[in-house]
Amino acid sequence: MRRPKNENHQPTTTFTIPDEYGCNAAPSQITHGINPYSFPFGVTDIPAGTKYLAVTLQDFDTIKLFGFTYIHWVLTDVPVTGDTVDFPADFSQTTLAPQASIVITPP
């Protein structure tokens, strides 16, 4: 995955979702208590011959809060035509690829 860059334009090893894509977005962006806008990211070094991608975005910070990893977004059947795929901001609202948001309730 292509990582965001820090102020020195070096890839970071950690990533904090910018406010406009998280729960601190402007109230006008919030729908039913949720911000539906996905943040931009990219996948690099895709092996030759790959035809489609499946992507799962998980939030490991929720383990300490809920005892499990929260799955924010699952996306499948993203066509690949090279060794890189870029997902622009708000891709979750504009793609026709199959996707889901999953909430797992622990027993």
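**Figure 1. The structure contains 3 aromatic pairs.** In one of these, Phe39 and Phe41 are tilted, with 5.9 Å between ring centres and 55 degrees between the planes. A second pair, Phe41 with Phe87, is stacked, at 4.5 Å centre to centre and 15 degrees between the planes. Phe41 belongs to strand E1 and Phe87 to strand E4, so this pair ties together parts that lie 46 residues apart in sequence. The model shown here and in the other views is predicted. Phe39, Phe41, Phe87 and Phe91 make up one aromatic cluster. Phe39 has 14% relative accessibility and therefore counts as buried, the limit being under 20%. Phe41 is buried as well, at 8%, and Phe87 is buried at 2%.

**Figure 2. The whole chain, for orientation.** The protein has 2 helices and 5 strands. Read from the N terminus, these elements follow the order β-β-α-β-β-α-β. Of the 107 residues in the protein, 26% are buried. Among contacts between residues at least 6 apart in sequence, 52% join residues at least 24 apart.

**Figure 3. The largest nonpolar core is made of 15 residues.** Phe41, Leu53, Leu75, Val85 and Phe87 have the most contacts inside this core. At least two core residues come from each of strand E1 (41-43), strand E2 (52-59), strand E3 (70-79) and strand E4 (85-87). In soluble globular proteins, nonpolar side chains tend to be buried together. Which residues does Phe87 touch, not counting residues up to four places away in sequence? Phe87 touches Phe39, Pro40, Phe41, Val43, Leu53, Val55, Leu75 and Val78.

**Figure 4. Val85 in strand E4.** Is Val85 buried or exposed? Val85 has a relative accessible area of 11%, so the residue is buried. When residues up to four places away in sequence are not counted, Val85 touches Phe41, Gly42, Val43, Ile46, Leu53, Val78, Pro79 and Val80. Leu53, one of these partners, is 32 residues from Val85 in sequence, and the two C-alpha atoms are 9.0 Å apart in space.

**Figure 5. Ser38, in the segment before E1.** At 9% relative accessibility, Ser38 counts as buried. A polar atom of the Ser38 side chain lies 3.1 Å from the backbone nitrogen of Phe91. Phe91 is also a member of the aromatic cluster with Phe39, Phe41 and Phe87. With neighbours within four places in sequence left aside, Ser38 is in contact with Tyr21, Trp73, Ala89, Asp90, Phe91 and Ser92.

**Figure 6. Ile30, in the segment before E1.** Ile30 has a relative accessible area of 28% and is partly exposed. Once neighbours within four places in sequence are left aside, Ile30 is in contact with Ala25 and Asn35. Glu20 is 10 residues from Ile30 in sequence, and the C-alpha to C-alpha distance between them is 9.9 Å.

**Figure 7. Asp45 and Asp77, with positive phi.** Most residues other than glycine have a negative phi. Asp45 has a positive phi, near 55 degrees. Asp45 sits in the loop between E1 and E2. The relative accessible area of Asp45 is 68%, so the residue is exposed, the limit being over 50%. Where is Asp77 found? Asp77 is found in strand E3. Asp77 is not a glycine, yet its phi is positive at about 60 degrees. With a relative accessible area of 44%, Asp77 is partly exposed.

Definitions and conventions
Residues are numbered from 1 along each chain as its sequence is written. This is a predicted model: local features need pLDDT of at least 70, side-chain atom pairs count only at pLDDT 80 or more; totals for chains, interfaces and linings use all residues. Side-chain values use heavy atoms; hydrogens and water are left out. A nonpolar core is a set of buried Ala, Val, Leu, Ile, Met, Phe, Trp, Tyr and Cys residues joined through side-chain atoms within 4.5 Å. Buried means under 20% relative accessible area, exposed over 50%, partly exposed in between (1.4 Å probe, protein chains only). Helices (H or I, at least four residues) and strands (E, at least two) are DSSP runs, numbered from the N terminus. Contact means heavy atoms within 4.5 Å. Rings of Phe, Tyr and Trp (its six-membered ring) pair if their centres lie within 6.5 Å; planes under 30 degrees apart count as stacked, over 60 as edge-to-face and the rest as tilted. A polar contact is a pair of N or O atoms within 3.5 Å; within protein, one must be able to donate a hydrogen and the other to accept it, and residues adjacent in sequence count only if both atoms are side-chain atoms.
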